[in-house]
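Q: I'd like a close look at a single part of this model, please. Could you take me through how one of its sheets is put together and what packs around it, step by step?

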Amino acid sequence: MSDKPKLLNFMTLRGKSYFRDSTVKQLNELYEAFTVEPDLLDTRSLTDIVSEFQPDAILTGWGSSHAVIDDAFLNNAATVKVWGHMGSSLAANFKASKRPDGIIIINTASIIGRYVAETTVLNLGRMLRRYDLGFNDFRKNAQQGHYDDSDLEKSLFTAKIGLLGLGCVGREVVKLLAVFNSDIYVYDPFLDKEFAEKYGLKAASMEWIAENCDAVSIHMPSIQETKNAVDREFLNKMKDNAVLINTARGSIVDSEALAEEVNNGRLYAAVDVAGDENDPLKKIEPRPNYLYTPHIAGILPSARHLMLEELLKEINKVLSGRETVMEASDAALKMG
């Protein structure tokens, strides 16, 4: 009988898997692992599998929506000490009435955050410097004897930058912007004053940020309280030619109102998240003041492999009685 901890894995090992050979080896070296492929649940109930296997840990992630962690599951999971999730939001899996007692929940938000922050800062720089508009028009006009660079004034060094939310991604954005000595204003009801002081951040209201910042970047969780937080009124208050970056969640922004502001040319926007195929932000034709990417800010093959490898190590750390640095927030259990 193995003395390794038991891990119930809901992430597929078939086909296009997030497990590469070295990660499968790591999984088998650290754990006595049992993988629940989706079709297994056609013939067996999840509660029966948990009761029989008696796992010490469970592993979920992208592609494991068949793992429904509800009250019935938890009532049969007395042996589970840690739940590890590859990703930020656990809402697709977590259906229980409350956060379970005695189970430490960890996710890879801190790792994803670094890559999303990188995309955020790249888009901030691109939009502020008008790479898709200013330089091309400026060069053409200069060749014709017209020298007007008045719209090429802002950069990461000179702009007032507003952050809506200072969670995992927001913090990483701040760290990356530190090299530019950017002038950063933050709206967050739960602002970490020690972190803000360390990086010279200034607390501000959403209204002040809308009216005064040259660029606004969204880093709120997608919960009921933040739905359409960036609404038509907020967008109307933004300065002409200001920049809006959204690498958080589409539900936070009034898509119709933002699409109007982009199409009339008053605002610049870089959007990595939107709603379904009918979302107006997905229908905007290519234009110099708008960049749309299909929710890929935090996705790189190397990032996925790193996340899974670190998650497996972190689960083992918790089972060994050591503290984790990757514990999931309450918001991660319900954010979409």
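A: Two strands count as a pair if DSSP finds at least two bridges between them. Keep that in mind, and keep in mind that this is a predicted model.

Five strands form an open sheet in the order 2-1-3-4-5, and their pairing is parallel. The ends of that row are strand 2 (32-35) and strand 5, and each of these edge strands pairs on one side only. From one strand to the next, the twist averages 20°.

Ala-92 sits in the loop between strand 4 (82-86) and strand 5 (104-107). Ala-92 counts as partly exposed, because its relative accessibility is 47%. Ala-92 and Ser-64 are 28 residues apart along the chain, and their C-alpha atoms are separated by 8.6 Å.

Back to helix 11, which also packs with other helices. Take helix 1 (residues 21-30) to begin with: helix 1 and helix 11 (residues 301-319) pack at an angle of about 5°, with their axes 10 Å apart. The two helices are therefore roughly parallel to each other, as angles under 35 degrees count that way. On the helix 1 side you'll find Ser-22, Thr-23, Gln-26, Leu-27 and Leu-30, which meet Leu-308, Glu-309, Leu-312, Lys-313 and Asn-316 in helix 11. Sorted by class, the residues of this contact are four nonpolar, four polar and two charged.

Glu-309 lies in helix 11, and because its relative accessibility is 18%, Glu-309 counts as buried; the cut-off for buried is under 20%. What is around it? If you leave aside its neighbours within four places in sequence, Glu-309 is in contact with Arg-20, Ser-22, Thr-23 and Gln-26.

Next, helix 4. Helix 4 and helix 11 pack at an angle of about 160°, and their axes are 9 Å apart. That makes helix 4 roughly antiparallel to helix 11, since angles over 145 degrees count as such. The crossing of this pair is right-handed. Helix 4 brings Ile-111, Ile-112, Arg-114 and Tyr-115 to the contact, while helix 11 brings Ser-302, Ala-303, Leu-306, Met-307 and Glu-310. By class, that gives six nonpolar, one polar and two charged residues.

Helix 4 also packs with helix 6. The axes of helix 4 (residues 109-128) and helix 6 (residues 168-177) come within 8 Å and cross at roughly 50°. That makes helix 4 oblique to helix 6. The crossing of helix 4 and helix 6 is right-handed. Helix 4 makes this contact through Ala-109, Ser-110, Gly-113, Arg-114, Val-116, Ala-117, Glu-118, Thr-120 and Val-121, and helix 6 through Cys-168, Val-169, Glu-172, Val-173, Leu-176 and Leu-177. Those residues divide into nine nonpolar, three polar and three charged.

What about the buried side of helix 6? Its buried residues are Val-169, Gly-170, Glu-172, Val-173, Val-174 and Leu-177. What covers them includes helix 4, strand 6 (160-164), strand 7 (183-187) and helix 7 (193-198).

At the strand 12 end, strand 11 (residues 268-271) pairs with strand 12 in the parallel sense over three bridges. To see one of those partners, find Ala-270: its bridge partner in strand 12 is Leu-291.

Technical notes: Residues are numbered from 1 along each chain as its sequence is written. This is a predicted model: local features need pLDDT of at least 70, side-chain atom pairs count only at pLDDT 80 or more; totals for chains, interfaces and linings use all residues. Side-chain values use heavy atoms; hydrogens and water are left out. Axes are lines fitted to C-alpha atoms, for helices over the stretch in contact, and angles run from 0 to 180 degrees between N-to-C directions. Helices (H or I, at least four residues) and strands (E, at least two) are DSSP runs, numbered from the N terminus. Angles under 35 degrees count as roughly parallel, over 145 as roughly antiparallel, 65 to 115 as roughly perpendicular and the rest as oblique. A crossing is left-handed if the near helix is turned anticlockwise from the far one by less than a right angle, and right-handed if clockwise. Contact means heavy atoms within 4.5 Å. Ala, Val, Leu, Ile, Met, Phe, Trp, Tyr, Cys and Pro count as nonpolar, Asp, Glu, Lys and Arg as charged, and the others, Gly among them, as polar. Buried means under 20% relative accessible area, exposed over 50%, partly exposed in between (1.4 Å probe, protein chains only).
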